[in-house]
Structure formats: structure tokens, C-alpha cells
Amino acid sequence: MKNKRAFGNWEIICALLTVISTQIFLNFPRLMAETAGTAGWLLIIYVSVIVFILFAIISKLYEKFEGMDILDISEYIAGNIGRVLVGTILLAYLVFIISVVLREFGEDLKIITLRLSPISFVMFFFLAGMIISAFFGPEAIIRIGVLTVPVTYVAFVIILVGVLQYSDISRIMPLLGFGPKSIFIGGFPRISIYSGLILLFIFTPFIKSHKDFKKIGYISIGLSAINLTVSTLVFLLVFQYPTATENFLPMFQLAWLINYGRFFQRVESFFALLWISSALHYLSIGLFLILYVFKKTYKVEYYKPLIMPFAVILFTASLFPKNLVEAIELETKIFRNVAWVVVFGLPILLLLIGNAVRKSPVKGGEKNEKR
Amino acid sequence: MRKGNWLFKTIGIALLALFAATLLAGCYDSREIDDMAYVVSLGLDKGKTNALRLTIQIAIPVATGAGSSGNEGGGGGEGSDSSFITTIETPTLYSGLNMANNYISKQLNMSHAKVIVISEEIAREGVQRYVNAIMRGREFRGNMFVLVSKGKAEEFIKETKPKFEVNPAKYFELNLMSYRYTGFIANTQLINFYLQEKCTCSQAVAILGGVNRFQSAEDFDLNGSTYLEKGKPFPMEGDFIAGEVPRIGMIKSEFMGLAVFDGDKMVGELDGEEANYYLMLTGKYENSFFTVPDPLVKDYFVVLSLKTSRPPERKVTMSGDIPHISAKVKLEADILSIQSGKNYEDPKNVHLLEAATEEYIRNSMQKLLYKTSKELKTDIFGFGKSIKGTFLTWQDWIDFNWLDKYKNATFDVSVDFKIRRPGLMIRSTPIYSSEGMMYD
């Protein structure tokens, strides 16, 4: 029996915006300042153009595999071995980033507001939210984004507009920062900032058609490019390089500055609430992706029994880094430099092989989910 | 069965929400507002027994809210009923707060701190070790003010006993923003100070504060005025630095002028008038009363309500290693007073007053600019911003080393000043006495 479930384009776009743009609330603007200096915002534009091109290639190659995710394609190419191999790579990738981000969000919350609470106690609440979301299933997880994303956008715009009084155009000079070489060559691995696009290649069966797949991809990349560029630009306009590289939580530190008269100030508390909801959405999507990939890779019939074991694994893995700085290093120095291999390299490779093997379109996407 | 599942789920979620709400609100980090002691100002002096003498002014919320005259603690005296002051010697800022927490019944909280007062002695040695600690702290806010006190910060805080404001935080908040209508100080919020201090194209300033030295009007003198060193025959309203203004009454502490920094070290001072020019040249001047000598009648003044009409136009060009800095300041004013009674409102005469004012401001600005470049060797005006954009890469800019080149800069200032309105009088008519017409 067919069990085809499809989400609306806007729902998937909201989920993609969450998984790509939530890094803004972590350390993204600072990372760009570290990579390209005053040209951090230019680097994002360059990276976004590359990602547009890569996505155009991927979506062209995807034409013959409408409704199939990369696990389906790997199975089509190399059978069970291919699927298990690719699935295991994806699982390792997802467990790594979700556990690190879980730790980072927990630590950030500790620094901002829950100073005395143990990190495990703080993370437990994120984990509880992730577990509940996973039990509710993909509809709840994906569709809640339609509510959280617009609200987060409003907060985001308030912060950016609110700090403009502190901005100074000279702070993004010299325009080329560390120079063209560091932007255009050294900056290439930074396409990993779009690592959240992996959601699109895993959730392909939930998308109605290939036309929608393309539309969702382009809109998500475009909106994310705007979010990432504007946030970094405003951050650099307010905190000049190299002082910008000192800031641990760039967006929080921007919100901390908002101050209009004696009455409109201290809005970061409100911001923290939205930031946490965005983080929870991100982590919930992450846990569900892990469960979905595991279920599909190892042909497990139901994913619900996997929720608690994976929650425990993520919780334990998130406590591996000795401290926050180590967790940040894992995310920024390792993950954000190599994630592109999995997110762009792997799909392109599989699709190239798939296209070479098969000349006529293959239909997939049936039985995409069973709880 | 389905109905049972739904019920089970609902009860489970409700229980979890209750569990989360209870734990998040009650564990580890729960703090009652009433358990906190809110710091209003912090003073940093060099210690006698330790590296730092930390003075903490703490609000008494009950007195602040009710305007009560009940006095608690050691601050004592008039106007300080809504706060008390404690001083402690300590190795570092945070260890001092910790020590204070040991004998204050409530836990100190910095989230409402309005000002950090640094003694001149510490400021001249370098403030980085303290400013860094404050910026790293979660509770301190970027919009608190940085102030350098002539003399002891402890004394400055103790002598800050406002009459109008029951709430000392409001006093600081309002008074330290008075630069918008006096021009004698500047907006030196912590975030601005910190960013300027670390900037490669600009340097920091802080408000200069001090305790007024005069006990009665009979004691007034001009020993502390800067008018002589500026070559003036008499002092104008801004020719003073904090602590030296001939005044008595209201409050002993006062703000006047700016402390000038090179990196994190204070290297000089600007008086109140120079602070006005600093604001004009950086585009932060709003408005103030401004007195200029009467261009036609000696020893008489014209008083203007001066304001910025356009942001300043600033340009930096290089001749070899010598920066040439040109700045055009655009101002406009309403006439408030013409002591001589000369008819400067008349369109035929107005240009006389305009030209004289332009020349007066231009000369004063030139002197100030050369003072900062040749004497103080620090670009507090941020002229480096104007040339930074001509470099393509960060390394080129750093190699250029603007802050070092500034000391060789030459300046060309022009002032475009226009009288817009004559106040409520459109012309000055003569006064007649038994001797005939006076003040024609």
C-alpha cells in the first residue's frame, strides 16, 4: 500500500530556513569575520553563488530521480551495500552536528541566562523537546516551522534595525578584507554553511514534484543567503574587525546593544525566547532526520522505538567536548569546513553515477515513512 | 483505543509541561528581584593595600521608589538617601564584588549599573584590564557610561548627591546625556569606548568628571580655567575642565570636558569648549548655547542657539607620509542675545556676525586638531575612517599604520555658518537715556 505523504513547499522552505539560518544565532557572523575579516559579508555572497550553481547542477541531475532521496539513489546504484554505506555516512554526519549543536545551544543558554544550572540539566530540556517532537512525527516538526519562522524573522529584523544606530560604514573597510585569495579560494570550503540543504536531499520523497524540488531549493538558498549576508553585514557594521572576532554570541551581543531612550532596552531577553524556539526546531528536525535515515538505511519498519536510544546517544555525544570552546572548534573548524563533501560532493557523485547507469527516469518516493 | 491514546498523550504532555515549568522556574538559577542589590555606579581607584580600590554605589529600591528619606548604610548625607556606597580594596573587579557580596545581605547585580568611574591615575596607566573584564561580564550593559574622574573615583561617587532625582540611576542617565544640549561632554557609552579603543582608525574619549573645589562664591578663581593657554582675554563658558567650574550649590560632582585616550591609556584632556568642537567634527553635535565675542564691540558677546545643519564633510589625502585632513563643518543658529545691541539681525549686517563666528570656530577647531595630532598624538576624531576605504585589503591597511601617521597630519578646516532666526526680536532698537541714544 502506498503511504505517500507530501508537504507544502512553504513548509519545507521554513524547515530549510531553520536548518540553514539557525547558525546565525550561534557563531556564524563571527566565523565569517574570522575567515574573511571585513569582507565576511562578501564571502557569503560568493559562497551563495557557488551553492546556487551546485544546486542547479544537482537539480538537473535529479531530473531522472524524481521523488527519490539519496538513499534511494544509492540503493539504485549499488543495492543494499550502497544504501548502507551512504546511510551510515549520513548518520555519522548528522549525529556529529546535532550533538555538537545541542551542546552549543545548551552552553549558550547557560551563559546567557541559566548560569548556575548544570549543562546536562539545560540540555535535558532541549532533548525533551526533541523527543516529544519525534514522537509527534514529521508533520508536527515540519509544519511548526510555518509558525516559528515568521516570528523569528520579526525578532531578527528588530535586532538588525535596532542596532543600526551603532553602525558605521567604515567598519566594513577595506572592502576585500583578507584579500581575494582568502575569499575566493580559502573561502570555498565555507559552502558548508549551506550544509542544512542535506534536508532537501533526504526529504525528497516528501516533496510533490521535481519542479517543486527546484523551487524549494532556489527559494531556500536565496532567502538563506539574504539572512546570512544581512546578519553578518550588520554585525560587522556594528562590531568592527578584529573586535568582531571576540564576540561569542554575535546576535545576542547585537540584541544586548538595543537601546532607544530610557524605556526601550533589554530586549535580548525576548530575543532569547525566540532563539530557543528556533534552536528547538532545528534540533527536532535533526533528531527526526537521524531516525529517518537510520530507519531507511537499515530497513527498520518503525522509527519510534529508535527515539530514546538516539536521544541518549546524542546526549552522551554532546558531552564529549571538554568545554564550550572545544564544541565551537568542532563545529567551526571541522564541520563547517568539510560538511560540503557530504552535502554537495556525495549527492553529485551519486547522481552522476546514477545518470550514467540509467537513461530513463526512475520513480521513487513510495513508502516514505512508517512510524 | 485511539481515544485512549489521545488521552494518554494529552496527560503526558501536560505533566511534562508542568514538570518543565516547575524545574525551569525553580532550580539553580531562580532569583527573586528582592534578593538582588542593584549597583548604580562603580568607581575604580588604585588601592593602598591591594591593586584596586573598588567603590560600589548600590540603589536602595524602597527609597528610590517611594522617594523616602530613610537613610541606610554608609553613603549618608543629603541626596544619597536612595543609595549607599561601600568601598573595598581588592585585586580585581570581580573579586571585589565577591568580597562585597560577603557583607551585603543581597547579591550584587550589575544589570542596572549606569556608569563606571575610573580615576585619572588608573586611566593614565591603562584601563584595558578593567574594561575587558566588564565587556566579558554578562550583567554589564554596553550603554553604561565610561567616566574618568579628576582625583579619586571614590570621592566623585560620594559627592554625587543629586537633588532633583531620587533615583541615582536616573540622575546619571539624564545628566550623562546632557551633551545633546550642552556639548560639554560626549556620548561615551561603554560600547563606543570599547570599539574606539580597539579601532585601527580612531581612538577613545571618556567623559571627564570631578568634584568641584569651590566652597563658596568668595573662593572663585580662574586658576583652573583653560582660557589663558588658549590665548583668550577672558574665559568663555566651556573653558573649564571638571572640578574647576566656578560654581557652588546643587551637587559637588560635575562633568566637563573629555579624557583623551591613546589605546587604553589616557594621554590628555579636552575642556568643555573643545568637547563642543569634538562633537561638531565627528558629526555628533546636536545643539547648545554658544557664546562668541561681538565682532564690532570689544568685551561684548553674542549668544547663539547653535546646531548642526549638515553632517561634517571630511576628507583625508596623503602627500607621501603626511596626511592632509580637510573638514567642512556646517552649522546654523538662532540669535539669543546681542549684548551690544548692534543690529546683526539686519540682512546687511548678518554676514558680519556669520563671518566672525565662522572664523572664531574655525580657529578654535584648528588649534584643537593640532593639539590632538602634535601634542596628544591620537586621532580621537576618527579621521582614519575617511581613508580606510581607499585600501583594498586588511593587511595593506594595517601596514599603512594610520594611528602613527596622524601625528604628522596637517589640517584645513572650513566652517559654513548661517544665522537662521533672530529669536523673538527682528531688530535691536537703541536705548535712550538723558545723554541721548545709547548702543546704536
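**Reading the cavities**

Biologist: Which residues lie nearest the centre of the largest cavity?

Modeller: Leu17(A), Ser21(A), Phe25(A), Thr152(A) and Asn227(A) lie nearest its centre, out of 13 residues that line the largest cavity. Two elements of chain A give two or more residues each to this lining: α1 (9-21) and α6 (138-162). Keep in mind that this is a predicted model.

Biologist: How is empty space found in a set of atoms?

Modeller: A probe the size of a water molecule is rolled over the atoms, and this shows where empty space is left. Here, four cavities of 30 Å³ or more turn up. The largest cavity has a volume of about 180 Å³.

Biologist: Which element gives the most to the lining of the largest cavity?

Modeller: That is α6(A), with five residues.

Biologist: How do the residues of that lining divide into nonpolar, polar and charged?

Modeller: For the largest cavity, six lining residues are nonpolar and seven are polar. None is charged.

Biologist: Now the second largest cavity. How much space lies in it?

Modeller: About 140 Å³. The second largest cavity is lined by 15 residues. Closest to its centre are Val19(A), Leu94(A), Gly196(A), Ile198(A) and Tyr282(A).

Biologist: Which elements give two or more residues to the lining of the second largest cavity?

Modeller: In chain A, these are α4 (70-112), α8 (198-202), α11 (268-297) and α13 (324-357).

Biologist: And how do the residues of this second lining divide?

Modeller: The lining of the second largest cavity has 11 nonpolar residues, three polar and one charged.

Definitions and conventions. Residues are numbered from 1 along each chain as its sequence is written. Chains are lettered from A and ligands numbered from 1 in the order in which they are written. This is a predicted model: local features need pLDDT of at least 70, side-chain atom pairs count only at pLDDT 80 or more; totals for chains, interfaces and linings use all residues. Side-chain values use heavy atoms; hydrogens and water are left out. On a 1 Å grid over the protein atoms alone, a cavity is a set of points where a 1.4 Å probe fits but cannot get out, and a pocket is an open set with protein on both sides within 12 Å along at least five of seven lines; lining residues have an atom within 4 Å of a point. Grid points are joined across faces, edges and corners, and a volume is the space filled by probe spheres set on the points. Helices (H or I, at least four residues) and strands (E, at least two) are DSSP runs, numbered from the N terminus. Ala, Val, Leu, Ile, Met, Phe, Trp, Tyr, Cys and Pro count as nonpolar, Asp, Glu, Lys and Arg as charged, and the others, Gly among them, as polar.
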